[in-house]
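Please keep the sequence and the structure in view while reading.

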Amino acid sequence: MANTKTAYEKLTELAGNYWWSWEPEVTNLFRAIDPRRWSALAHNPVLLLKEYSPEKLEERVRELVLHSSINRAYRRWHEYMESTTSWGATQGGNLGSHPVAYFSAEFGLHESLPIYSGGLGVLAGDHLKSASDLGVPLVGIGLFYDEGYFSQQIDKDGWQQQSYTPLNSQELPITPVLDTAGEPIMVSVDTRAEKIFARIWHVAVGRINLYLLDTDVPQNAEEDRNLTARLYGGDSRTRIRQEIILGIGGVRALNALGIKPSVIHMNEGHSAFAGLEAVRNRMEEDGLTFDEALRDIASMGVFTTHTPVAAGHDRFGADLVEEHVGPLGDQLGLNHDGLMGLGRVDPQNTEESFCMTVLAFKTSRRANAVSNLHGVVSRRMWQSLWPWKSEHEIPIGHITNGVHVPTWLAGQMRDIYDRVLPEGWELRTGEAEVWAGFESVTPAELWETHQSLKNRLITYARRRLVAQAQRRGDSDSRIAELQDVLDPHYLTIGFARRFAPYKRADLVAGDLEKFRKIIANSDRPVQFVYAGKAHPRDENGKKIVQTIYRLTQEPEFKGRIVLLEDYDINLGRHLVQGVDVWLNNPRRPLEASGTSGQKVVLNGGLNCSILDGWWAEAYDGRNGFAIGDGRSHKNVEIQDARDSDALYDVLLNEVIPLYYERDADDMPQNWISRMKHAVRTLGWRFNADRMVMDYVMHAYVPAAGGTSVEMNSLT
């Protein structure tokens, strides 16, 4: 680490590694250089630095007296990167120089790199960040979508519109992977008609390397150059072509980079072709038969299934599989029926389509759901794959999802953590005793901090609402109204997630008469902040967006219900850090885990949720609120009506009264008590460090040892 480097050079190096995104000291450095531009540039330090010449930046740094802060941040980064005393160094066992290869169709690292759509991608991003903090040997494999996921606009009729903006790689903290001659390293995948080529981008995520494949190269026909343009865009043909690039191309990229993984972790079934390509490699390198190679590769395979919703499991017809995977099948020595059988529950049923989830199960010996309840549901859902086993013996365990604490914790809350938790707490977030000190926070300090974050959310929401209204061409009077919507003294309930129908964003409006009573109560006022996108092809989801928008336009609800466009990581960060209550009311048991509510916990917010996903194992009666009793009815309409009644009941009889139960100092002491209890009891259990440690101990280390023991139960 040369001391002769300039401030510009040091900041450029820091900007090139996403470590800055979860290190407040570094983020604040970039913000300090130009706060207004920092916000306008999507918090992207690469773009910010492009606005300064080295000389101009040096002048700015001197003016702001930032040299010592830059030197300290630069030194801390090198200490972090070079540390040999991490948890992974002592607990990683036999991973050593053969890392885990973590495949995912999307990665949500930061709003500046929009190659994610929602929870799956953000979970993958948090997984990489915690693996980095823990020092776990791991590399990520994904796709570079140069138009990202869509931007959402809501028109005057409340209908969602989509637009796409191409990303400029020169403006991102990513670099092309080059060979010794300085040329891009390329991989290719054969289909029956042609080869599809892809180059490789590198993204530094702390100590973790993430490699993204990109088909926008001259060697490809126009159709294939656009193949990786959009996340979850196109039809089934586009999807299977993306997935052969991710799985087959991803394994070939690792080979081209000289990386020999000891574990193949498939995060959802999108990447299941990785197992087949690894089998082909083993057959070619070691002269094994297909069955022998499959046995060996499956023993090092880990598969995480994320959804009990049928539409979440990719299925392809025989023609698409033959066209795109047929050449690999030939190399594996499989005829068409043999290849199709790998993706069928019943290999002999020629009417059955090819399911990527089934392939993932068959190419891994360790499979897990993402919460305890989801494990139960998944064993029941996939029991037919193991017809000789009883349901409780089905080899699908669970590792409950968690969130990366430094990414989602507000700076003001972190100040409290630093004061009341043990020194170095951020390196031990998965240990229960580390969080015990949170009980010592004084109620006044916690409440004032929360109110400050809530005020920040409201200011941010007003600014976005005004911008939305101006874009739509709303009247001047309406724009003026939006500058005063929401009140920091009101109970503020947040709902933000994908607007998939089973998540029921409109459940609270199921009985408008009851909803009006909640909203219209001037003595105990309540306000709702909504955000979320519907998939471009999900018409029912778009109708739910429209329903919520129309509520915001009703005279009696104006100012009390708002809908923020274009939900992304930045908007999510403001919401989870500022709301009083996080509402989650999916149709049980279709929420596999859910992680947004876990982010709320870290910042002192309380969850009000159906007993589904992570909340089914988290709720203890004092750390939030439960909607209903966890029962499900076979009739969807009856279940929705029952859950709607339960939601009104808990809001009217528990949530609202507790929030407005105040002492002489206008402090909701019992509410604050729940806030403290929630952080102390849930923070250590539902964070990504604990999650990654579970994967290492229960999946990665055993898989790297080559044993064939199935993962029946995980905690």
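L486 is found in the loop between α20 (476–482) and β15 (491–496). Helices (H or I, at least four residues) and strands (E, at least two) are DSSP runs, numbered from the N terminus. The model is predicted: local features need pLDDT of at least 70, side-chain atom pairs count only at pLDDT 80 or more, and totals for chains, interfaces and linings use all residues. Residues are numbered from 1 along each chain as its sequence is written, and side-chain values use heavy atoms, with hydrogens and water left out.

Most residues other than glycine have a negative phi, and most peptide bonds are trans. L486 is not a glycine, yet its phi is positive, about 65 degrees. With a relative accessible area of 6%, L486 is buried; here buried means under 20% relative accessible area, exposed over 50%, and partly exposed in between (1.4 Å probe, protein chains only). D666 is likewise not a glycine and has a positive phi of about 60 degrees. D666 belongs to the loop between α26 (636–659) and α27 (669–682), and its relative accessibility of 47% makes it partly exposed. A cis peptide bond, with omega about 5 degrees, joins R588 and P589. P589 is located in the loop between β18 (581–584) and α24 (596–602).

## Strand β8 and its partners

Strand β8 covers residues 208–214, and six of its seven residues are buried, so it is largely enclosed by the rest of the structure. Two strands are said to pair if DSSP finds at least two bridges between them. Strand β2 (residues 138–143) pairs with β8 in the parallel sense over five bridges; in β8, Y211 stands opposite I141.

Strand β7 (residues 195–205) runs antiparallel to β8, and seven bridges join them. W201 has L212 of β8 as its bridge partner. The hairpin of β7 and β8 has two residues between the strands, and G206 takes a positive phi near 60 degrees there.

What span does helix α10 (residues 236–256) reach from its first C-alpha to its last? Its 21 residues reach 29 Å, close to the 30 Å expected at 1.5 Å a residue; the expected span is 1.5 Å times one less than the number of residues. Helix α10 has a kink of about 35 degrees centred on G249, where the bend is the angle between axes fitted to the seven residues ending at a residue and the seven starting there. Of the 21 residues of α10, 16 are buried, so the helix is largely enclosed by the rest of the structure. At the N-terminal end, D235 caps α10, with a side-chain oxygen 3.2 Å from the backbone nitrogen of R237. G258 follows α10 and has a positive phi, near 75 degrees.

Helix α26 has 24 residues and should span 34 Å at 1.5 Å a residue; its end C-alpha atoms are 32 Å apart, which agrees. A bend of about 40 degrees occurs in α26 at L651. N635 caps the N-terminal end of α26, with a side-chain oxygen 2.9 Å from the backbone nitrogen of E637.

## Nonpolar cores

In soluble globular proteins, nonpolar side chains tend to be buried together. A nonpolar core is a set of buried Ala, Val, Leu, Ile, Met, Phe, Trp, Tyr and Cys residues joined through side-chain atoms within 4.5 Å. The largest core has 130 residues, of which L14, F30, L113, V203, I245, F273 and Y700 touch the most other members. Helix α28 (residues 688–704) supplies the largest share of this core, nine residues. A second, separate core of 99 residues includes V466, A469, W582 and L682.

D643 lies in helix α26 and is buried, with a relative accessible area of 5%. Not counting residues up to four places away in sequence, D643 touches R504, L507, I610 and I627; contact means heavy atoms within 4.5 Å.

G605 is placed in the loop between α24 and β19 (606–610) and counts as buried, at 2% relative accessibility. Although G605 and V581 are 24 residues apart in sequence, their C-alpha atoms are 5.7 Å apart in space. Leaving aside neighbours within four places in sequence, G605 is in contact with V579, D580 and V600.

Notes: A polar contact is a pair of N or O atoms within 3.5 Å; within protein, one must be able to donate a hydrogen and the other to accept it, and residues adjacent in sequence count only if both atoms are side-chain atoms.
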